[in-house]
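Here is a short report for a reader meeting this structure for the first time. Please keep the sequence and the model in view while reading.

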Amino acid sequence: MARVAFAKVDKFYGAVQALHDVSLDIEDGEFVVFVGPSGCGKSTLLRAIAGLESISAGVISIGDKDVTAVAPSDRGVAMVFQSYALYPHMSVRANMEFGMKVNGVPVAERGERVAEAARILQLEDLMERKPGQLSGGQRQRVAIGRAIVKEPQVFLFDEPLSNLDAKLRVQMRVELEALHEQLGATMIYVTHDQVEAMTMADKIVVLNGGRVEQVGPPLELYHRPATEFVAGFIGAPSMNFLDVQLRAAQGGTEAVYGTAAIPLGMTLGQDGAGRLGIRPEHLRLTEAGTGAVDIEVQVAEALGGETYLYGRTALGDRLVVKVDGDSTVHAGLSLGLHFDAERLHLFAADGRSLRA
């Protein structure tokens, strides 16, 4: 397995810049997830590692080798695509063997590698079937098996679960985590689904407009987002945001929202406009008129284990509150919200965190 490094990588498509000065280190054996909205550059970055996209400037290294100008077949990587990319006329065994056959791997060694991959992925009973006889999850396991038999230094996954239904996605997510534990391999995974990123990654790379917004362990990004973009992207439902005015007060800075003055539990050396953020699970309900802010509940979305309340403040801002699944709160009720200062996030006008 190997370390992957980017040094000042840029990518242009004509006059459009897709990647901006990306510098990043991925350690040997890490499971790293690139996450961000469509068009943020995550797939471009993954394909640049594979050699399927050339870069306009910078250096990409795998292990101790500069692979910036190296052919894809010589980079020691294996890629699993969203579309599976299996040969429909070949059996599972033939699909898994094909790449090795083309590269001249001896028959006996091919058989050993395929048998081991089939054991790891529980494909032994499916080896003579064609892709058309498999479920979506089984096809994805075959595609992963085809990558395993290459014995690569780095595994690359480009939104591999996007075509699966919700239940199967959860199952395959667990299987991929177990596979990483078993192989101890360097794995780089692209997704737009922040739940996948939070549950699978050792380290998350959040991309926005071709730039790296923040890199770190999932819970670090969740609890200490460096920017408003990261705060809003990581977590489901998204963090709540309110436009506030910051002012000095006895005991520290407070955020003024309408007629409410919300203590921040800290002292800032600046007044003026800011953005207050708090996650739905960190808001506490109280009676109307007794909290920092009141909302009128518009929708109560009961999911069994929890309920999400969607409401609006008197100033028209929408807030989401997570409560217990057995809550009897319903649309039309007016409720107060308590803000815990230790759970608040504060952002400047340019989006950077003021708590970092």
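What follows covers the annotated domain, a helix, the salt bridges, the aromatic rings and a sheet.

**The model and its annotated domain**

This is a predicted model. An unreviewed UniProt entry places the feature "domain: ABC transporter" at residues 4-234. Over residues 4-234 the chain is 37% helix and 26% strand.

**Helix 1**

Helix 1 spans residues 42-50. Is it largely enclosed, or largely open? Seven of its nine residues are buried, so helix 1 is largely enclosed by the rest of the structure. The buried residues are Lys42, Thr44, Leu45, Leu46, Ala48, Ile49 and Ala50.

**Salt bridges**

How many salt bridges does a search of the whole structure find? The search finds 16. The table lists three of these pairs.

| Salt bridge | N to O distance |
|---|---|
| Arg93 and Glu128 | 3.0 Å |
| Arg113 and Glu151 | 3.7 Å |
| Glu228 and Arg275 | 2.9 Å |

Start with Arg93 and Glu128, which form a salt bridge. This pair links distant parts of the chain, 35 residues apart. Arg93 lies in helix 2 (residues 92-102). Glu128 lies in the loop between helix 3 (107-121) and helix 4 (136-148). Arg93 has 33% relative accessibility, so it counts as partly exposed. Glu128 has 56%, so it counts as exposed.

Next come Arg113 and Glu151, also joined by a salt bridge. Arg113 sits in helix 3, and Glu151 sits in the loop between helix 4 and strand 7 (154-158), so the pair ties together parts that are 38 residues apart in sequence. Is Arg113 buried or exposed? Arg113 is buried, because its relative accessible area of 16% falls under the 20% cut-off. Glu151 is exposed, at 55%.

The side chains of Glu228 and Arg275 meet in another salt bridge. Again the pair links distant parts of the chain, 47 residues apart. Glu228 is in helix 8 (residues 228-233), while Arg275 is in strand 14 (residues 272-278). Arg275 is partly exposed, with a relative accessible area of 23%.

Salt bridges can also share partners. Arg3, Asp25 and Glu27 are joined into one network in this way.

**Aromatic rings**

The structure holds six aromatic pairs. In one of them, the rings of Phe157 and Tyr189 have their centres 6.0 Å apart. Their planes stand at 35 degrees, so this pair is tilted. Phe157 is in strand 7 and Tyr189 is in strand 8 (residues 186-191), and the two are 32 residues apart. Phe157 is buried, at 1% relative accessibility. Tyr189 is buried too, with a relative accessible area of 0%. Phe157 and Tyr189 also belong to one aromatic cluster with Phe31 and Phe155.

Phe229 and Phe233 form an aromatic pair that is stacked. Their centres are 5.9 Å apart, with 15 degrees between the planes. Both residues lie in helix 8, four residues apart, about one turn of the helix. In an α-helix there are 3.6 residues a turn, so residues three or four places apart point the same way. Phe229 counts as partly exposed at 24% relative accessibility. Phe233 is buried, at 18%.

**Charges over rings**

Two tyrosines each have a charged residue over the ring face. Lys11 lies over the face of Tyr13, at 4.8 Å from the ring centre. Arg279 lies over the face of Tyr222, at 4.0 Å from the ring centre.

Which order do the five strands of the open sheet follow? The order is 13-12-11-14-20, and the pairing is antiparallel. Strand 13 (260-263) and strand 20 (345-347) are the edge strands, and each pairs on one side only. From one strand to the next, the twist averages 40 degrees.

Inside this sheet, strand 11 (residues 240-249) runs antiparallel to strand 14, and seven bridges join the two. Leu242 stands opposite Leu276 in strand 14. Strand 14 also holds Arg275, the salt-bridge partner of Glu228 in helix 8.

Terms used:
Residues numbered from 1 in each chain as written. Predicted model: local features only at pLDDT ≥ 70, side-chain atom pairs only at ≥ 80, totals over all residues. Heavy atoms only, no water. Salt bridge = Lys/Arg side-chain N within 4 Å of Asp/Glu carboxyl O. Buried < 20%, exposed > 50% of the residue type's maximum accessible area, 1.4 Å probe, protein only. UniProt positions renumbered as here; feature names shortened; annotations may be inferred. Phe/Tyr/Trp six-rings, centres within 6.5 Å; stacked < 30°, edge-to-face > 60°. Lys NZ or Arg CZ within 6 Å of the ring centre and 35° of its normal. Pairing = 2+ DSSP bridges. Axes fitted to C-alpha atoms, helices over the stretch in contact; angles between N-to-C directions.
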